[in-house]
Amino acid sequence: MLEAHVVVDTPILRSVRVAQVEGLFDIPPSQKSQLEWDVRLPLEEKSWHIGLIVGPSGCGKSTVARALFGTQFNVQESLPHWPDDQSILDGFPQSMPVKEVVGLLSSVGFSSPPAWLRPFRVLSTGEQFRVTLARLLAYVPDMVVMDEYTSVVDRTVAQIGSAALAKTVRRLGLTFIAVTCHEDVEAWLQPDWIYRPASNTFAWRFLQRRPAIHLTITRCRLEAWALFRRHHYLSTRLSPFAQAFLASWEGRPVAFSSWIHALVKYGGRREHRTVTLPDYQGVGIGMAVSSFCAALYTALDQRATSTTSHPAFIAARLRSPDWRMTRSPALGNGKSKIPGLRHARTRLTAGFQYIGPPLDRRLALRIMNG
């Protein structure tokens, strides 16, 4: 049983105004203000990975968390400062291989390699939130207690980021405790337990499915690429012969996917560019859009293939029963039997073919016809 009796004494400086308010509201005169909590968290009863301390401002969340978890509370304040001008990659432990750094960044939903090369100070607030989470998991492998969790980010970023973080924490077998005034993260973070200081109540929680993300996918003009181009890990260029699709969530564009003719003997379509905006990364939207487009082409009797070097995409496709690896990650020789087509020589790429169920043919035709 994790227990703490927390008392906060604050001196009251006697003044004329203090005396007047005491008289107006019948407050007994006092030399100090006192708040106290008796906290009992039975965390040893079950194994767990994620905890949530939540409640309105002023209810004692931070005070109680600091008393319970000591040096593990808000540990990000004790980490080295981010380098002023170096990339965020150089802000992770020097002993950590870059492959692990990239894996952590991708796992918390920050999967934009061009942004990895930038200093922390120039990132958006949402990007800084994701990077901070990844860095905490890198420096503190046992338990992370994060105060003011998601307090400075847009609520969409908070929710999507929470889902990505929860998946990573559980996959790595870590423990994470969020301290926040925002109730909306509960459904996305899926904590194993919740403590509410305002009512001094503790409850174990059964894991549930996070809220569904319902995407609307439509055929779009190539001009839509302008919103996504700077977030692509490989190139900002788009083939003028591509067919493009836009995915929206609650009326907001979130992902883009374009496909071109596969210049191989089997024909069909090959994935050209697929990008999810940073605020929506980490919950499988890019993979879902990619598979949807592949299912669409399959319904139209076209073979759907993809070549990728992004580690997150490769890992997701290896886990998916809808994709089959046709070529293991390898360096190309730069040559191709197809005129105008070149294989990558400086990065590992893997080839995949879609083998999942096709989309309804009538729906596929409707989408292709706009």
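Helices (H or I, at least four residues) and strands (E, at least two) are DSSP runs, numbered from the N terminus, and two strands pair if DSSP finds at least two bridges between them. The model shown here is predicted, so to speak of a local feature takes pLDDT of at least 70 and to count a side-chain atom pair takes pLDDT 80 or more, while totals for chains, interfaces and linings use all residues. Residues are numbered from 1 along each chain as its sequence is written, and side-chain values use heavy atoms, leaving out hydrogens and water.

**View 1. The seven-strand sheet is open and mixed.** Reading across, the strands go β8-β9-β10-β11-β12-β14-β13. β8 (215–220) and β13 (323–330) sit at the edges, each with a pairing on one side only. On average, neighbours here are turned by 25 degrees against each other, direction ignored; axes are lines fitted to C-alpha atoms (for helices, over the stretch in contact), and angles run from 0 to 180 degrees between N-to-C directions.

**View 2. β8 meets β9 in antiparallel fashion.** Six bridges hold this pair together, and Ile217 stands opposite Ala247 in β9. Also look for Phe245, which belongs to β9 (residues 243–249). Phe245 counts as buried because its relative accessibility is 0%; buried means under 20% relative accessible area, exposed over 50%, and partly exposed in between (1.4 Å probe, protein chains only). From Phe245 to Arg230 is 15 residues in sequence and 17 Å in space, C-alpha to C-alpha.

**View 3. The largest nonpolar core has 43 residues.** A nonpolar core is a set of buried Ala, Val, Leu, Ile, Met, Phe, Trp, Tyr and Cys residues joined through side-chain atoms within 4.5 Å. Phe245, Trp259, Ile285 and Leu296 have the most contacts inside this one. Elements supplying at least two residues each include α6 (155–172), β10 (252–261) and α9 (311–319), but the largest share, nine residues, comes from α8. A second, separate core has 42 residues, among them Leu52, Leu79, Met146 and Val169.

**View 4. β3 and β5 run parallel.** Five bridges join β3 (residues 50–54) to β5 (residues 175–180). Ile50 stands opposite Phe176 in β5.
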